[in-house]
Amino acid sequence: MRLLIALLGLFSLSLSAAEKPDVLFIAVDDLNDWVTHLGGHPQTKTPNIDRLVARGMAFTNSHCAAPACNPSRAALMSGLRPWQTGIYTNGDPAQGVMKDTLTINRHFLAQGYNTLGGGKIYHNFNAEGREDGWTKWEGLFPSINEHEENMNGLKSGHFDWGAVNSKPQEMGDYKLTDWAVNQLKTAPLDKPLFLGVGYVKPHLPWYVPQEYYDRFPLEGIQLPVTKDDDLADIPAAGVQMAKPQGDHAAVLKGDQWKKAVQAYLATISFLDDQVGRLLDGLDASPRKDKTIIVWWTDHGWALGEKQHWRKFALWEETTRTSCAIVAPGITKPNSVCKAPVDYLNIYPTLCELTGLPLPVHVKGASLMPLLKDPTSTWGQVAICTHGRGNHAVKDARWRYIRYADGSEELYDHSKDPNEWTNLATEADMSKTKARLAAALPAAGEEVPSTSGSQSNGSAKGKGKKKAKGKAKEE
């Protein structure tokens, strides 16, 4: 029914098939702001990602709709927030909702695009809900065996890292890039192309060939900047998300912090090489001058900040993403936009850029005004949700967090970019909190989770059962 309503609610914008631009839609798993153009870590090396974003506009205050793979991707691809779908965590099944929703790829397919997808676009294929959403879906490419090696000695499933005796060509993301480059070269030119390329790395485990580890000698590795008592002013709900006695305690006990940072940097460097190969393939293709590029990472990632690891939290490290749009004839090279945006803006922006009708269910604001002028007036905020009732709101200056139990956090990024001082209890902050909280759903507006659980975001991969001998999916 929802799909039918969406189809009936389309309004028309007319462009012939020959005039429609192509779209290179690049999704990346678990990459935070450790890219050179965002400055998340001083030692990261991402010349090719920087080359990509320099072609158009980089959004430096971009945030995911949810800090986990499944709900983040479901929100971006559907144009619906977690509290509208019930897909709050990795453990909340997406297919029941998504099969009745006009997702981005299904919309482009219905509008005459040749839609090709490979790698990881949704959390898994079932999360998309149907088999007819693409002209052709390639899925994941075979890679090296990534079973639980326990290379770091922590005995924590795929929370593992280490150099592997493999060639880059054996990695799934390398094969994905080969496939994508071939599609850019050979896909028929009589139909516009929507090419979804979903990179898996730097998702755990951080297994990449030794040459990438060699780029970051262990003795020189710098740890993230942290504050020892950073959790002292955090409410209990936030501490529960941080889980300081979990991953962080294990990393410290195993003396693995520097090795983990090295491994993450090495895996990002492997990804960057693939991005470079993809860009070179685009430039050598007949589509190079008419292709819109959408670059997005599904959420952030913490490596010890607030004694927290992985995603699954509502602070800057876990919600901030790398996002850029290259729109020929609209964006200017080396443009930077500091306005707060989130991934509910992607769907309407793509529709406007390509001249496709806008589905009635898509309510996010298009980024088109910012693409034309990054200093344009922008009355929006970025909203991130982790579990029912837990939300973060980010504007140009402030981050406000409200948990399901009503507890709060507030950070002034103009003075405290590391979010070390929680101002939520300060009396003179009430107006600021109220203004930001106005963007959040009112009581009763959040639908139940699709899993039927409380889905409060406190557990990693909530609702997933760990298969014997296999790492729990994230």
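Biologist: What volume does the second largest pocket have?
Modeller: This is a predicted model, so the value is computed from its atoms. The second largest pocket comes out at about 400 Å³.

Biologist: Which residues lie closest to the centre of the second largest pocket?
Modeller: The lining of this pocket holds 20 residues. Five of them are named as the closest to the centre: D33, G40, E305, E317 and N418.

Biologist: How many helices and strands does the protein have?
Modeller: Both kinds of element are present in the protein. Its secondary structure comes to 16 helices and 18 strands.

Biologist: What radius of gyration does the protein have, and what would a compact globule have?
Modeller: Start with the chain, which has 474 residues. A compact globule with 474 residues would have a value near 23 Å. The C-alpha trace spans about 60 × 55 × 45 Å along its principal axes. The radius of gyration agrees with the globule value, at 21 Å.

Biologist: Which strands stand at the edges of the open sheet of eight strands?
Modeller: The order is β5-β4-β7-β1-β9-β12-β2-β13, and the pairing is mixed. An edge strand has a single partner, so one side of it is left without a neighbour in the sheet. That holds for β5 (136-139) and β13 (335-337).

Biologist: Which residue of β5 is the bridge partner of G118?
Modeller: Strand β4 covers residues 114-119. Strands β4 and β5 run parallel, joined by three bridges. In β5, the partner of G118 is G139.

Biologist: At what angle does helix α3 run to β1?
Modeller: Helix α3 spans residues 69-78. It lies across β1 (22-28) and β9 (291-297). Its angle to β1 is about 165°.

Biologist: Why is one side of β15 and of β18 left without a neighbour in the sheet?
Modeller: Four strands form this open sheet, in the order β15-β16-β17-β18, with antiparallel pairing. Neighbouring strands are turned by 10° against each other on average, direction ignored. β15 (382-385) and β18 (408-412) are at the edges, so each has a single partner strand.

Biologist: Which residue of β17 is the bridge partner of A392?
Modeller: Strand β16 covers residues 391-394, and strand β17 covers residues 398-402. They pair in the antiparallel sense over four bridges. In β17, the partner of A392 is I401.

Biologist: At what angle does helix α16 run to β17?
Modeller: Helix α16 covers residues 430-437. It lies across β16, β17 and β18. Its angle to β17 is about 75°.

Biologist: Where do P202 and P205 lie, and what is omega for the peptide bond from L204 to P205?
Modeller: Most peptide bonds are trans. A cis bond joins K201 and P202, with omega about 15°. P202 lies in the loop between β7 (193-199) and β8 (206-209), and P205 is also placed in the loop between β7 and β8. The bond from L204 to P205 is cis, with omega near -10°.

Biologist: What is phi of K155?
Modeller: Most residues other than glycine have a negative phi. K155 is in the loop between β5 and β6 (161-164). K155 has a positive phi, near 55°.

Notes: Residues numbered from 1 in each chain as written. Predicted model: local features only at pLDDT ≥ 70, side-chain atom pairs only at ≥ 80, totals over all residues. Heavy atoms only, no water. 1 Å grid on protein atoms, 1.4 Å probe; cavity = no way out; pocket = protein on both sides within 12 Å on 5 of 7 lines; lining within 4 Å. Points joined across faces, edges and corners; volume = space filled by probe spheres on them. Pairing = 2+ DSSP bridges. Helix = DSSP H or I, 4+ residues; strand = E, 2+ residues; numbered from the N terminus. Axes fitted to C-alpha atoms, helices over the stretch in contact; angles between N-to-C directions. Contact = heavy atoms within 4.5 Å. Rg over C-alpha atoms; globule rule 2.2 N^0.38 Å.
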